[in-house]
Amino acid sequence: MTRRKFVETIGRQYGELRRRKVVRVALVYLVAAWVAIEVASVVLPELMLPDWSVRLLIVLAAAGFPFALVLAWVFDITPEGVQRTLPAAAPTAATSMAGTIEPAAITGPAAPPERSLAVLPFRNIGGDRDNEYFCEGLAEDLLIVLGRVPGLRVAARSSSFAFRDGTDDVRTIGERLNVASVLEGSVRKDDRQLRIAVRLVDTADGYQRWAEVFDRELGAIFDIQREISRAVVDALDVEIYGGQRPRVAPGTDDIEAYNLYLMGRHQFHKRTEAALSKAVEFFRQATERDPRFALPYTGLADAYALLSDSGEAYGRMPVAEAIALAAPMMERALELEPLLAEAHASRGFLARMRLDIAAAERALRRSLELDPGYPLAHVWLALTLSDLGRLREARDEFERAYAADPLSPIIGTNLGFSHLQFSDFDAAQACFARVLEIAPDFPVAYAGMANVEQGRGHPAEAQTWWQRASRVAPERASYPANLALLQLEQGEPAAAEPFLARAEELSPRYPHVVRARMAALIATRRDAELVEFTEQRIAGADPGAESWSNAGLAQLVAGRPGEAVRRYERAGPDLQRWLSDSLVWGWRFAHGLHYADALLRTGERDHARELLQQAEQLFARLEAEGMVKPDIDYERAVVLALRAEYDAAAAALERAVQRGWKLRWWARRDPGLDGLRALGRVDWLQAG
């Protein structure tokens with residue numbers, strides 16, 4: 001046996017002894033025996049008993065020691081009485097509602113780390129339902145404070161708060177979250193008085209390790225946080241390196257500002273457009289009450305960002321407008337609290353929205369240096385790494401976030417989409433199914449299921465999932481837009497029209513809806529309408545880079561490459577970074593190839609060849625990362641056709657179809673494949 005295996009074996013055996021309370025019983029027994037012998041050595045001689053009586057007591061204590069250890073190993077005292085100790089459950093895979101096997105990480109290892117806990121939402125026992133946000137916010141603040149303690153592992157908010165209804169046994173919670181202790185409590189708020197009862201419960205046996213009641217004035221909330229967090233640390237016997245103590249998140253002396261901030265955060269976590277709008281109002285009121293309270297400014301920055309119409313957001317606000325509102329809030333938070341992890345994460349997310357991907361990564365890594373347990377920073381960093389084409393790193397980051405917060409719908413969904421980048425449909429489906437089991441009203445997981453079925457070549461099943469997503473979130477324009485695109489894939493443009501009309505009714509300027517309308521016009525060969533449609537979008541004030549690029553594509557499809565070049569060049573640096581930032585699967589990459597096509601047609605061959613060479617290098621790097629997607633094969637076919645390598649282009653196109661690429665309507669109109677179509681080497685390119 002190697003030294004490492006020997007150490008691991010000893011560690012597992014010691015962990016099992018602790019789980020069965022053998023170590024605790026041994027210590028208690030020895031202390032009790034020592035006290036009994038010390039007392040007997042004084043009392044028995046006074047009672048005129050023989051000297052051998054003390055020695056007999058020592059022998060009996062020694063003889064009883066192994067029996068006590070055996071009983072501790074076999075039996076356990078629980079709230080339901082004395083029961084046999086259950087064997088440690090090995091990590092197993094759980095079957096999802098979709099019939100697939102989920103990752104074992106969902107259930108966690110059998111023996112949780114000793115210094116680990118989950119903070120549950122505190123119960124509101126005052127009868128005032130308006131105090132629910134206060135109870136939840138107080139627990140969340142304690143979670144954040146305790147998460148900063150070196151040596152203490154704290155379950156993330158969305159996982160621990162999944163047990164807010166209080167119906168689960170603490171031992172079940174311990175198994176699901178892989179924690180050794182649960183911190184739970186209750187709050188009674190009467191006028192300006194608070195009574196907060198807190199207890200720390202061992203998840204192995206359901207018994208209290210520590211309990212305390214705090215009666216305070218309402219304005220002393222931060223002092224109460226400090227007292228509770230320090231008491232928990234002491235109860236867990238966590239080593240505080242260098243004498244450090246938990247640092248309470250930057251606060252305010254204005255209790256009303258604090259209440260408003262908690263109400264804003266309560267709405268923010270719901271992740272709907274209506275709730276985010278409410279969060280903005282609460283955060284704004286908090287900053288008005290106390291302009292030096294930093295946290296509401298980060299809340300405003302994040303809420304504005306998530307109200308945008310960007311790919312990972314939940315609203316319909318133009319991205320530029322959202323950034324203009326969010327950026328000053330983020331800067332104000334950093335001005336007030338330069339070491340606030342939440343503010344650095346907000347900076348990173350906004351940098352990503354501006355397409356400054358390198359700056360986004362720096363800010364998000366700084367956020368995690370300041371608070372390694374901040375879930376949003378982990379998720380946003382993973383998305384940023386995906387933007388950079390570092391897909392393996394991104395997947396690892398999503399998996400770390402998932403291991404820390406397995407019950408978070410947004411983290412589980414993002415991990416599923418990460419698996420889709422590698423065409424790992426089974427793993428993706430398991431993630432989405434698990435999210436829907438936890439949060440049946442989370443629409444993005446339905447969208448994920450639709451993507452799985454589309455990738456597998458099951459359009460009917462995909463349509464069912466898109467329709468479910470649309471029913472759960474009827475205000476989201478992207479879902480009917482995707483239903484329209486699915487109909488176009490099947491060669492049914494008439495069937496696509498009702499879905500497209502619904503999407504345009506909800507959000508006519510939403511980029512995904514605009515792309516779907518362009519697809520319908522291209523598929524039905526209405527080139528004049530396509531040009532008119534895209535030109536209208538650059539006629540308004542300050543059109544964005546995508547609007548200029550869409551107009552360029554329309555001109556190229558209509559046979560006017562010179563006009564296409566002029567519009568693509570108006571797109572400016574946002575389009576020119578189409579490769580440097582590796583934003584491969586957004587709109588920039590496809591438009592970058594169309595731009596190269598237009599350059600070739602107007603005689604600017606050197607510039608076009610340089611772009612095509614960069615595209616080939618990018619394909620190679622993504623494949624080395626492990627990405628397997630038919631989109632790569634299709635775009636490679638376009639690059640090869642533009643370079644007049646038609647045999648290789650035909651082979652790449654057929655490989656794309658074999659791997660599940662289905663946009664034949666687009667291939668029949670794609671200007672980049674004009675040369676390949678002219679040769680007649682791919683029969684289906686000629687149809688329609």
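Pro-121 touches Ala-139, Ser-160, Phe-161 and Arg-164, when residues up to four places away in sequence are not counted (contact meaning heavy atoms within 4.5 Å). The structure is a predicted model, in which local features need pLDDT of at least 70 and side-chain atom pairs count only at pLDDT 80 or more, whereas totals for chains, interfaces and linings use all residues. Residues are numbered from 1 along each chain as its sequence is written, and side-chain values use heavy atoms, with hydrogens and water left out.

Pro-121 lies in the loop between β3 (116-119) and β4 (123-124); helices (H or I, at least four residues) and strands (E, at least two) are DSSP runs, numbered from the N terminus. With a relative accessibility of 12%, Pro-121 counts as buried, a class defined as under 20% relative accessible area, with exposed being over 50% and partly exposed in between (1.4 Å probe, protein chains only). Pro-121 and Phe-134, 13 residues apart in sequence, have a C-alpha to C-alpha distance of 9.7 Å.

The strands on either side of this loop, β3 and β4, both pair with β6: β3 in the parallel sense over three bridges, and β4, also parallel, through two bridges. Two strands are taken to pair if DSSP finds at least two bridges between them. Ala-118 has Val-182 of β6 as its bridge partner, while Asn-124 stands opposite Val-187 in β6. Strand β6 is joined to strand β7 (residues 193-202) by ten bridges in an antiparallel arrangement, in which Val-182 is partnered by Val-201 of β7. The two strands β6 and β7 form a hairpin with two residues between them, and Asp-191 in the turn has a positive phi of about 55°. Eight of the ten residues of β6 (residues 181-190) are buried, so this strand is largely enclosed by the rest of the structure.

Helix α29 (residues 630-642) has 13 residues, which at 1.5 Å a residue should span 18 Å, in agreement with the 19 Å between its end C-alpha atoms; the expected span is 1.5 Å times one less than the number of residues in the helix. Because twelve of its 13 residues are buried, α29 is largely enclosed by the rest of the structure. Among the buried residues of α29 are Pro-630, Asp-633, Glu-635, Arg-636 and Leu-642. The buried residues of α29 pack against α27 (587-601), α28 (605-625), α30 (646-658) and α31 (664-667). Just after α29, Ala-644 adopts a positive phi of about 65°.
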